[in-house]
Amino acid sequence: MSNDLITVKGLEKTYRTREGTRIHALSNVDFAVREGEFVTVVGPSGCGKSTLLKILAGILRRSAGIVQMRGQGLEGPSREVGVVFQAPVLLPWRTVLENVMLPVEIQRRDRTRFREEALRYLKMVGLEGFADKYPNELSGGMQQRVGITRALVHDPSLLLMDEPFGALDAMTREMMNLELLRIWTESRKTALLVTHSIPEAVFLADRVIVMSPRPGRISEILEVDLPRPRTLEVINSPAFGRLVSAIRAHFQSLGTLDA
Amino acid sequence: MTDHDDELLDTGARPKGVWQACLRQPEIGLAILLFVVVVGCWEGAVRLFDIPKIVLPSPSAVGAALWLGLSTDFPHHFAVTFFETLGGFVLGAAGGLILGVLVGQSRLMERTVYPYIVAFQTLPKVAIAPIIVIWFGYGMSSKIVITATIAFFPLLANTIVGLRAAPQDQIELLVAFTASRWQVFRLARLPQALPYIFVGLDVAIVLSVIGAIVGEFVGAQAGLGYLILQKNFNMDMAGVFAILIVLSVMGIGLHLVVNAIQRRVVFWMDSSSDKVMGA
């Protein structure tokens with residue numbers, strides 16, 4: 001248990017559909033996430049990557065296996081976790097700051113202290129001066145930045161992100177990935193991000209967990225030894241290309257990649 | 001998005017005079033014109049064909065009756081009906097809201113209780129009004145109870161639907177941040193239900209006026225419904241029409257008050273609810 005923040009062993013998840021058939025969503029999933037590490041999970045739709053994230057977030061029950069945080073069993077939602085979904089999921093009747101303060105409010109933490117923290121993070125993501133605006137006054141990219149700020153504000157150890165930029169256009173997405181790396185470097189959190197974009201997975205990660213579907217399982221875990229801090233130029237480097245094509249070839253061999 | 005653009009254009013060219021306002025929103029001028037034409041034809045037809053007063057009073061006769069009524073006994077009866085309407089509305093709406101919240105807590109509860117509520121709703125309230133008058137007497141309390149039974153259902157139904165309106169990922173997000181059941185209710189479900197609840201309130205307030213009048217028809221000593229019956233009995237058609245005007249003014253006024261409160265409370269839905277109203 002050296003410096004592993006998250007340990008997952010033999011994780012299983014089966015759903016029962018309305019017709020009564022069982023769907024094996026996750027099968028024998030084993031991995032660990034080290035403290036301060038950025039891990040991405042990549043795979044085609046239906047590989048159970050979102051299910052995995054929801055189990056880690058404590059909003060979905062596992063069928064079998066062990067999920068631990070710092071060696072302690074993780075049962076249900078934790079105050080030490082911050083989550084970001086694909087949609088920003090902001091409450092339209094709350095201002096940006098009030099939305100960001102949601103976890104602080106829910107967990108009854110010190111509001112005055114975390115208010116400073118919230119404003120600091122908003123400044124960090126380039127939303128200084130937007131604290132009193134309402135979500136519908138913001139663009140999609142800005143809304144998702146609010147979502148990320150909200151996931152960071154209560155100072156969690158683990159940041160869980162489920163395709164946080166999936167709904168954004170390609171250019172905003174690249175920019176947001178850079179920004180995410182910057183925030184991650186500054187905040188020194190452990191991060192686990194789920195995506196179906198192979199380049200995104202490689203660009204962000206220290207390690208990429210490659211998953212395959214039916215049943216959802218880990219088929220490979222790749223170390224990404226690209227230097228940090230990373231810029232968009234990394235994408236053009238041979239090392240980056242090798243990793244991306246290795247993962248792509250892997251999916252192609254499984255017949256799960258159409259493109 | 002297009003709404004927003006319209007607003008921008010509007011602020012750029014805001015007309016100042018009344019005429020310019022009329023040109024910008026021709027429907028206001030046209031509505032007034034329509035009113036004048038209809039009332040004018042009505043007045044003309046009554047005079048031209050010499051229609052008897054007890055069949056159709058002329059607008060001028062209605063106006064005179066309204067003036068007379070307002071300076072004599074209308075205010076007293078208005079106050080009675082207004083109080084019955086408001087009292088019944090508050091009672092029924094509160095009951096519907098509270099029961100809606102309770103029933104909305106679980107599907108099981110809803111499935112258990114809802115058939116009875118629907119059965120009660122399908123019962124015409126006019127049919128049970130005589131019973132309620134016998135139970136609660138000829139005073140205001142029986143009218144308040146009748147009104148409450150009518151105002152109850154719109155709130156109940158809309159509250160139940162509204163409490164389900166919160167998107168799944170909104171709830172999951174709050175749960176992931178360790179929100180309790182009560183916190184999920186307070187932070188997401190209830191605010192998300194407010195637009196629905198206000199639709200219920202709007203329907204209920206208009207129905208409440210009907211409830212009070214129905215109650216007074218069955219048996220009362222005062223109120224505008226009581227006054228309608230009395231004037232009908234005396235063949236004072238102009239007086240009946242005058243009361244109808246007072247009643248519709250009351251209904252419109254209450255509806256506008258609910259809308260004004262809605263706009264302040266459910267401010268984030270403002271533009272979209274306007275769209276629905278306009279459509």
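1. The contact between the chains draws 19 residues from chain A and 14 residues from chain B. Two residues count as in contact if their C-beta atoms, placed from the backbone, lie within 7 Å. On the chain A side, β6 and α3 (102–106) each supply at least two residues. Helices (H or I, at least four residues) and strands (E, at least two) are DSSP runs, numbered from the N terminus.

2. The side of chain A that touches chain B splits into 15 nonpolar residues, three polar and one charged. Nonpolar means Ala, Val, Leu, Ile, Met, Phe, Trp, Tyr, Cys and Pro; charged means Asp, Glu, Lys and Arg; the others, Gly among them, are polar.

3. The model is predicted: local features need pLDDT of at least 70, side-chain atom pairs count only at pLDDT 80 or more, and totals for chains, interfaces and linings use all residues. Residues are numbered from 1 along each chain as its sequence is written, while chains are lettered from A and ligands numbered from 1 in the order in which they are written.

4. Chain A holds an open sheet of six strands, ordered β6-β7-β8-β3-β9-β10, with mixed pairing. Pairing requires at least two DSSP bridges between two strands. β6 (81–84) and β10 (217–223) of chain A are at the edges with a single partner strand each, so one side of each has no neighbour in the sheet.

5. Strand β9 (207–212) of chain A runs antiparallel to β10(A), joined by six bridges. A:V210 has A:E220 in β10(A) as its bridge partner.

6. Helix α5 (140–152) of chain A lies across β6 and β7 (158–162) of chain A, at about 170° to β6(A). Axes are lines fitted to C-alpha atoms, for helices over the stretch in contact; angles run from 0 to 180 degrees between N-to-C directions.
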